[in-house]
Amino acid sequence: MAEVASWRWVRAEGRLGLLVSAGMGVVAATGQEPFDLWFLSLCALGVGVLRVSLAETARQGFWRGWAFGFGYFALALSWIIEPFLVDLARHGWMAPFALIGMAGGMALFWGAAGGITIRLRMGLWGAAVLLAAAEFLRSYLFTGFPWALIGHIWIETPLAQWAAIVGPQGLTLLALLFGTAFVMPRGRGWRGALVGLAFALFWIGGTALQGTPEDLADRPVVRLVQPNAPQHQKWDPAHIPTFFRRGVAATEAAPRPDLIIWPETSVPVALDRAERTLAVMADAAAGVPLVFGIQRFDGRQIYNSAALLDGEGRVSQIYDKYHLVPFGEYVPFGNVMARFGIHGMATTQGDGFSAGPGPVLMNLGGLGQALPLICYEAVFPNDVGAAPERPDFLMQLTNDAWFGQISGPYQHLAQARLRAIEQGLPMVRAANTGVSAVIDSKGRVLAALPLGVAGHVDHPLPAPTSRTIYNVTGDLLALSALITLFFAIWAYQSAVARRFVD
């Protein structure tokens with residue numbers, strides 16, 4: 001392999017250099033859904049990291065890192081404009097600012113990693129580790145946003161199975177180390193052979209961890225209902241009856257399952273005013289437990305909730321979403337901001353939705369205990385791991401109509417698959433417009449309804465596997481690896497610098 005660092009365009013500076021870095025970011029983002037070009041992404045990650053490490057000043061390192069991140073997030077998060085297009089008159093003007101602001105804001109983490117790399121003289125491998133640390137920080141700071149992590153490029157490969165041990169942050173570190181190894185100066189042939197061998201071992205290990213699908217012959221059957229309500233029509237009085245009738249028809253269809261799940265906010269009235277609506281749903285369910293998404297009021301507070309209509313037609317359990325979407329489901333200082341016409345997109349009620357108390361389990365009788373996750377909550381592995389005790393399966397109710405039909409819904413599904421691998425738990429996912437899916441504990445999609453299709457899918461519920469290492473340790477292993485590598489590289493680079501001075 002040619003020595004990439006000697007290529008002229010890799011060393012480009014000024015505005016051209018920023019365009020090169022941004023371009024590498026765009027190519028790196030093709031490892032995300034719906035492209036899944038993981039090898040192309042690895043190469044671009046390596047070049048982007050290399051460009052950062054070749055910067056001559058911390059300022060230059062910052063801007064190279066920032067441009068790299070801006071290109072990456074501009075493509076990976078391009079779906080962010082879709083919610084603003086649902087109501088053009090109210091939110092359309094915000095769409096370009098949202099994409100530029102989100103991409104630029106997330107890129108600040110990458111820029112900081114670049115500046116610190118040069119300031120501390122961390123070199124090529126230090127740049128890779130610091131970029132992994134930047135991804136770690138953006139997953140937690142300011143309520144966190146671990147969407148489109150670099151490590152998500154592995155989800156369609158056997159290497160995703162390592163998430164059961166090191167989690168998504170570990171996958172990110174792995175991607176950056178391999179990407180960097182692919183572009184580093186080879187020197188001797190044995191270095192390239194060693195990198196190839198390490199990659200092969202991780203690939204084979206991931207395949208072994210995945211195993212083979214289980215026999216589901218005697219497992220209970222779950223029905224996922226997908227009414228396919230486009231967001232611009234979802235709350236339109238002229239269309240609400242159509243979507244509700246679709247849900248009812250899917251619920252009463254034969255043969256009868258053991259559990260029925262409707263998606264997020266699929267019931268068109270608030271829980272405290274839904275007596276007649278729930279009676280219709282109970283008749284359609286005919287004794288089968290039904291979990292559904294609904295909004296509910298408690299005084300002046302409004303919640304985005306999931307509720308269980310039990311076999312006797314009573315609402316016996318309620319879960320309130322607690323990890324809300326900033327500026328989507330709530331606006332900080334919402335009552336003040338509302339005076340200026342700024343509201344959360346999902347509600348116009350002052351501050352927006354209120355947060356529930358935290359994760360709870362829903363007892364579903366013979367099916368076991370489920371951990372309800374409403375939409376955005378399935379993005380956060382630390383939230384899933386915060387359940388009061390280990391559930392038997394994960395249950396996501398979501399409305400991905402907000403995300404359009406290009407990349408957002410597929411990225412959301414990919415993250416649901418990763419949550420299943422991390423926890424060793426199956427995931428059942430009811431999505432308003434798709435993709436509704438039954439996912440086993442190894443992240444395999446066993447049954448699904450495609451995007452933009454109305455209907456339902458029945459499938460046996462996979463069994464959980466044993467508790468994973470990640471379930472016990474969370475991100476501690478990845479954090480420990482980052483800290484160890486940082487100080488090892490820093491110490492080595494410092495020793496090299498002293499030897500050069502001497």
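Let's start inside helix α2. Ser41, Leu42, Ala44, Leu45, Gly46, Val47, Gly48, Val49, Leu50, Arg51, Val52 and Ser53 are buried there. Keep in mind that this is a predicted model. Twelve of the 16 residues of α2 are buried, so the helix is largely enclosed by the rest of the structure. Helix α2 covers residues 38–53 and reaches 22 Å from first C-alpha to last, close to the 22 Å expected at 1.5 Å a residue.

Next, the strands. β4, residues 301–309, is mostly covered, with eight of its nine residues buried. What joins β4 to strand β3? Nine bridges do, and the two strands run antiparallel. Leucine 290 stands opposite leucine 309 in β4. β3 and β4 make a hairpin with two residues between them. Glycine 299 sits in that turn, with a positive phi of about 65 degrees.

On to β5, residues 315–320. Five bridges join β4 to β5, again antiparallel. Here alanine 306 stands opposite tyrosine 319 in β5. This pair is a hairpin too, with five residues between the strands. Glycine 313 in the turn has a positive phi of about 80 degrees.

Last, the surface. Which residues make the nonpolar patch of about 610 Å²? They are Ile116, Leu120, Leu476, Leu479, Ile483, Phe487 and Trp490. Helix α17, residues 476–501, gives the largest share, five residues. Isoleucine 116 comes from helix α6, residues 95–119. Isoleucine 116 is partly exposed, at a relative accessible area of 39%.

Notes
Residues are numbered from 1 along each chain as its sequence is written. This is a predicted model: local features need pLDDT of at least 70, side-chain atom pairs count only at pLDDT 80 or more; totals for chains, interfaces and linings use all residues. Side-chain values use heavy atoms; hydrogens and water are left out. Helices (H or I, at least four residues) and strands (E, at least two) are DSSP runs, numbered from the N terminus. The expected span of a helix is 1.5 Å times one less than its number of residues. Buried means under 20% relative accessible area, exposed over 50%, partly exposed in between (1.4 Å probe, protein chains only). Patches are made of residues with over 30% relative accessible area and no salt bridge: like charges are joined within 9 Å, nonpolar side chains (Val, Leu, Ile, Met, Phe, Trp, Tyr) within 5 Å. Accessible areas come from the Shrake-Rupley method with a 1.4 Å probe; for residues, only the protein chains shown count as cover. A salt bridge is a side-chain nitrogen of Lys or Arg within 4 Å of a carboxyl oxygen of Asp or Glu. Two strands pair if DSSP finds at least two bridges between them.
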